[in-house]
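Please take a moment with the display before I start.

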Amino acid sequence: MRAAFVLAALLLVGCGELGGAKVGKLPADPHAKPDARELAEHPCRYGDTVRCIARCEDGDAQGCNGAGVLFEFAERPDPLTASGFYSRACDGNYGPGCDNLGWLYLRGRGVPHDPPHAMVLFMAAFDAASMACARGDGSGCLLAGEMLRDGRGVEEDDAKAVAMFRAACASGQSRGCDLQREP
């Protein structure tokens, strides 16, 4: 049960649809089957691999990242396939795709173990997330803040991280609100 919850949360993050204005109204019962409109709008969120991949094929970088998440965290994980989708998301300047691909390279899952390349990808993720934040995307602010807090691909900077978390919070990202208060 816990694994299913974690996978669902990762899918929401992977598709860039967690929090803020992008989410839309979630079903009242988390176990309820989504209606056709909700499923069509957010196939990655509901594990509809075929439609999620189709979104990626249509050039949707979030869809590519979502497909990567589906393959990386499937019952039978396929990190090699996930890396291909993350790469396409990163090529589309989608920060979470670069970040996810960086983690695969850092761990050597589905790709060669290559920490220097992982750092390049983390830097690209930070740049993309910072640009998204500057455009008012709270999820970009959240990712940039986490990277600043952790020193992942950028120099650790708690003050800048808190500023990013505040921007995320102001954009409706509740996790940003929680993180801006952490010591």
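This is a predicted model: local features need pLDDT of at least 70, side-chain atom pairs count only at pLDDT 80 or more; totals for chains, interfaces and linings use all residues.

Let me begin with a question: which residue lies over the face of Phe122? The answer is Arg152, which is placed at 5.7 Å from the ring centre.

First, the overall picture. The protein has 183 residues, of which 40% count as buried, and its secondary structure comes to ten helices and zero strands. If we take the contacts between residues at least 6 apart in sequence, 44% of them join residues at least 24 apart.

Let me return to Phe122, which sits in helix 7, residues 115–134. With a relative accessible area of 1%, Phe122 is buried. Phe71 belongs to helix 4, residues 61–72, while Phe85 belongs to helix 5, so the pair ties together parts that are 14 residues apart in sequence. Phe85 is itself buried, at a relative accessible area of 10%.

The other pair brings us back to Phe122, whose ring centre is 5.4 Å from that of Trp103, with the two planes at 65°, so this pair is edge-to-face. Trp103 lies in helix 6 and Phe122 in helix 7, so here the parts tied together are 19 residues apart in sequence. Is Trp103 buried, partly exposed or exposed? Its relative accessibility is 26%, so Trp103 counts as partly exposed, whereas Phe122 is buried.

Now to the way helix 5 and helix 6 meet. Helix 5 spans residues 79–91 and helix 6 spans residues 95–107, and the two pack at an angle of about 145°, with their axes 8 Å apart. The crossing of helix 5 past helix 6 is left-handed. On the side of helix 5, the residues in contact include Pro79, Ala82, Tyr86 and Cys90, and among those they meet on helix 6 are Gly97, Cys98, Leu101 and Leu104.

In the loop between helix 5 and helix 6 we find Asn93, which has a positive phi of about 65° although it is not a glycine. Asn93 is partly exposed, with a relative accessible area of 43%. In the loop between helix 6 and helix 7 there is Gly108, which at 31% relative accessibility also counts as partly exposed. The C-alpha atom of Gly108 is separated by 9.5 Å from that of Pro79, although the two residues are 29 apart along the chain.

I will finish with helix 10, residues 174–181, and one more question: which of its residues are buried? They are Gly176, Cys177 and Leu179, and what covers them includes helix 8, residues 138–150, and helix 9, residues 158–170.

Methods:
Residues are numbered from 1 along each chain as its sequence is written. Side-chain values use heavy atoms; hydrogens and water are left out. Axes are lines fitted to C-alpha atoms, for helices over the stretch in contact, and angles run from 0 to 180 degrees between N-to-C directions. Helices (H or I, at least four residues) and strands (E, at least two) are DSSP runs, numbered from the N terminus. A crossing is left-handed if the near helix is turned anticlockwise from the far one by less than a right angle, and right-handed if clockwise. Contact means heavy atoms within 4.5 Å. Buried means under 20% relative accessible area, exposed over 50%, partly exposed in between (1.4 Å probe, protein chains only). Rings of Phe, Tyr and Trp (its six-membered ring) pair if their centres lie within 6.5 Å; planes under 30 degrees apart count as stacked, over 60 as edge-to-face and the rest as tilted. A charge sits over a ring if NZ of Lys or CZ of Arg is within 6 Å of the ring centre and within 35 degrees of the ring normal.
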